[in-house]
Amino acid sequence: MSAQKFLDPPPAATRDHASFELLRVWIAEQGQHVSLRSGTWEDPFAWGIVLADLARHIVLAESMQKKDLDQDAFLERLLEGFQAEIDSPTDEPEGELAQ
């Protein structure tokens, strides 16, 4: 793992003055912690598209690190993990709204 704790914004986000951050995920205190911008869309279908796009970005990034990666198998396994967590959560989300 890289020693850098923060990820750089993608170049398009830096160029586009109308861009905004939607989601941030941290591993801290042996758990997952999330900041997200709620209320972005009326239809939750849009969040589904974000999750699907994130899955494909994860597959792409992993395949850049591991040249022989079976992308279809990786995505299938990722989706298995997603479905397992949806069906039987290992923890419950908690938090508060911040302005």
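Me: In this model, does Glu29 count as buried or exposed, and at what relative accessibility?
Reply: The model is a predicted one. Glu29 lies in the loop between β1 and β2. Since exposed means over 50% relative accessible area, Glu29 counts as exposed, at a relative accessibility of 78%.

Me: What is the phi of Gln30, a residue other than glycine?
Reply: Gln30 is found in the loop between β1 and β2, and it counts as exposed at 85% relative accessibility. Most residues other than glycine have a negative phi. Glu29 has a positive phi, near 50 degrees. For Gln30 phi is also positive, and its value is near 60 degrees.

Me: In what order do the elements of the chain run from the N terminus on?
Reply: The chain has three helices and two strands. The strands are β1 (23–28) and β2 (31–36). From the N terminus on, the order is α-β-β-α-α.

Me: What percentage of the 99 residues in the chain do buried residues make up?
Reply: The C-alpha trace spans about 45 × 40 × 30 Å along its principal axes. The accessible surface of the chain comes to about 9400 Å², of which 56% belongs to carbon and sulfur atoms. A residue is buried when its relative accessible area is under 20%. Of the 99 residues, the buried share is 6%.

Me: Among contacts between residues at least 6 apart in sequence, what percentage join residues at least 24 apart?
Reply: The question concerns pairs with heavy atoms within 4.5 Å. Taking the contacts in the chain between residues at least 6 apart in sequence, those that join residues at least 24 apart amount to 11%.

Me: What distance separates the C-alpha atoms of Gly81 and Leu54?
Reply: Gly81 is found in helix α3. With a relative accessible area of 42%, Gly81 is partly exposed. Gly81 and Leu54 are 27 residues apart along the chain, and their C-alpha atoms are separated by 14 Å.

Me: Why are Asp53 and Arg56 separated by about one helical turn, and how far apart are the closest N and O atoms of their salt bridge?
Reply: Asp53 and Arg56 are three residues apart in helix α2 (residues 45–65), and therefore about one helical turn separates them. Asp53 counts as partly exposed, at 33% relative accessibility. In the salt bridge between Asp53 and Arg56 the closest N and O atoms are apart by 3.0 Å.

Me: How many salt bridges does the count come to?
Reply: The rule asks for a side-chain nitrogen of Lys or Arg within 4 Å of a carboxyl oxygen of Asp or Glu. Among the pairs are Arg24 with Glu21, at 3.0 Å, and Lys66 with Glu62, at 2.9 Å from N to O. Arg24 is partly exposed at 35% relative accessibility, as is Lys66 at 40%. The count comes to four.

Me: Which residues gather in the patch of negative charge on the surface?
Reply: The chain has 8 positive and 19 negative side chains, with the centres of the two sets 9 Å apart. One of the patch residues, Glu94, lies in the segment after α3 and counts as exposed at 78% relative accessibility. The residues that gather in the patch are Glu85, Asp91, Glu92 and Glu94.

Technical notes
Residues numbered from 1 in each chain as written. Predicted model: local features only at pLDDT ≥ 70, side-chain atom pairs only at ≥ 80, totals over all residues. Heavy atoms only, no water. Patch = residues over 30% accessible without salt bridge, like charges linked within 9 Å, V, L, I, M, F, W, Y side chains within 5 Å. Areas by Shrake-Rupley, 256 points an atom, 1.4 Å probe, with all protein chains shown as cover. Lys, Arg positive; Asp, Glu negative; His and termini not counted. Charge placed at Lys NZ, Arg CZ, Asp CG, Glu CD. Helix = DSSP H or I, 4+ residues; strand = E, 2+ residues; numbered from the N terminus. Buried < 20%, exposed > 50% of the residue type's maximum accessible area, 1.4 Å probe, protein only.
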